[in-house]
Amino acid sequence: MILQLSMASIRDYNVAEQLSSKLEEIRTKLLDQAMGEVLNGRVTELCQEHRRYMNSVLGTCFKKCKEDETIFDMIKTYKEDLKEKTSLQKEKSAEHLEVVSEIEDKEHHKALLFQRIEKLKKDQAKNRELIQSQNKANKDRLKKLNKCKDIFQKPLSLEIKKIEGEKLQFVFRNISHKDPDMAHTFLLQLDAEDVYHIISSDPPLEKISHLERRLQETNNFSAFLANIRREFVALHSGAKTA
């Protein structure tokens, strides 16, 4: 059709104008078509490149995630290991404190034991001194009693016996005219403070407490023995009068 128009109206200005317009339109369409094809091919290529890039990025990210997971696992394992070691360290610290406390307790008990030993040594030394002092006092008292015995044995018909329990028994005879061999006795004890105590008398004497108190006040043992004998004699004299 274009060829027909060209041939029929080659000299017509309007026809030439229309032809030129048609040719431009055709050229534009062809250009558009060519550009479209080029663009479509480029877009496709770009899409493919973008797809390859994204796949590469995803692969890298996946690999990185794997590495991160490995790192996270390592961190988790490290944390668990650190927690376990911390727990063990706390247990060891507690055991150490317990051992230290036990050692301190033993040292404290050891110090107390040494103190007790020293106190026992001092007490033993005091006891030895006290025993020595008491032995000396007993010897002195024994000498005194032996002296009294020597003095009063014949005049008072007195016999002194040491019996169990650190007691002394005084036996008087020649009290009763009817029975001179009849024994009149009393038990005497001296305590740690050198105080005399009359335990008993046979036969019983009413004034025994008074005589004991008088002896404790005066410590005059000779007068005490004379008074005891006098009371035994008075006891028989009263019985005879009655």
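1. A salt bridge is taken here as a side-chain nitrogen of Lys or Arg within 4 Å of a carboxyl oxygen of Asp or Glu. By that criterion Lys85 pairs with Asp81, their closest N and O atoms being 3.2 Å apart. The structure holds seven salt bridges.

2. The model is predicted: local features need pLDDT of at least 70 and side-chain atom pairs count only at pLDDT 80 or more, while totals for chains, interfaces and linings use all residues. Residues are numbered from 1 along each chain as its sequence is written, and side-chain values use heavy atoms, with hydrogens and water left out.

3. Helices (H or I, at least four residues) and strands (E, at least two) are DSSP runs numbered from the N terminus. Lys85 and Asp81 both lie in helix α2 (residues 13-152), four residues apart, about one turn of the helix. For accessibility, buried means under 20% relative accessible area, exposed over 50%, and partly exposed in between (1.4 Å probe, protein chains only). Asp81, at 31%, is partly exposed.

4. Helix α2 also contains Glu118 and Lys121, three residues apart, about one turn of the helix. These two form a salt bridge with closest N and O atoms 4.0 Å apart. Both partners are partly exposed: Glu118 has a relative accessibility of 43%, and Lys121 has 47%.

5. Another salt bridge joins Glu159 and Lys161, again with 4.0 Å between the closest N and O atoms. Glu159 is partly exposed at 31% relative accessibility, and Lys161 is partly exposed at 35%.

6. Aromatic pairs are rings of Phe, Tyr and Trp (its six-membered ring) with centres within 6.5 Å; planes under 30 degrees apart count as stacked, over 60 as edge-to-face and the rest as tilted. A search of the whole structure finds seven such pairs. Phe170 and Phe186 are stacked, at 4.7 Å centre to centre and 0° between the planes. This pair links distant parts of the chain, with Phe170 in strand β2 (residues 167-172) and Phe186 in strand β3 (residues 184-190), 16 residues apart. Phe170 is buried at 0% relative accessible area, and Phe186 is buried at 1%.

7. Phe170 also pairs with Phe221: the ring centres are 5.7 Å apart and the planes are at 50°, so the pair is tilted. Here strand β2 is linked to helix α4 (residues 221-241) across 51 residues. Phe221 is buried, as is Phe170. One aromatic cluster takes in Phe170, Phe172, Phe186, Tyr196, Phe221, Phe224 and Phe232.

8. A nonpolar core is a set of buried Ala, Val, Leu, Ile, Met, Phe, Trp, Tyr and Cys residues joined through side-chain atoms within 4.5 Å. The largest has 20 residues, and those with the most contacts inside it are Phe170, Phe186, Phe224 and Ile228. At least two residues of this core come from each of β1 (158-163), β2, β3, β4 (196-202), α3 (208-218) and α4. Helix α4 gives the most, with five residues. In soluble globular proteins, nonpolar side chains tend to be buried together.

9. Glu231 deserves a separate check. This residue lies in helix α4. Leaving aside neighbours within four places in sequence, Glu231 is in contact (heavy atoms within 4.5 Å) with Leu205, Lys207 and Leu211.
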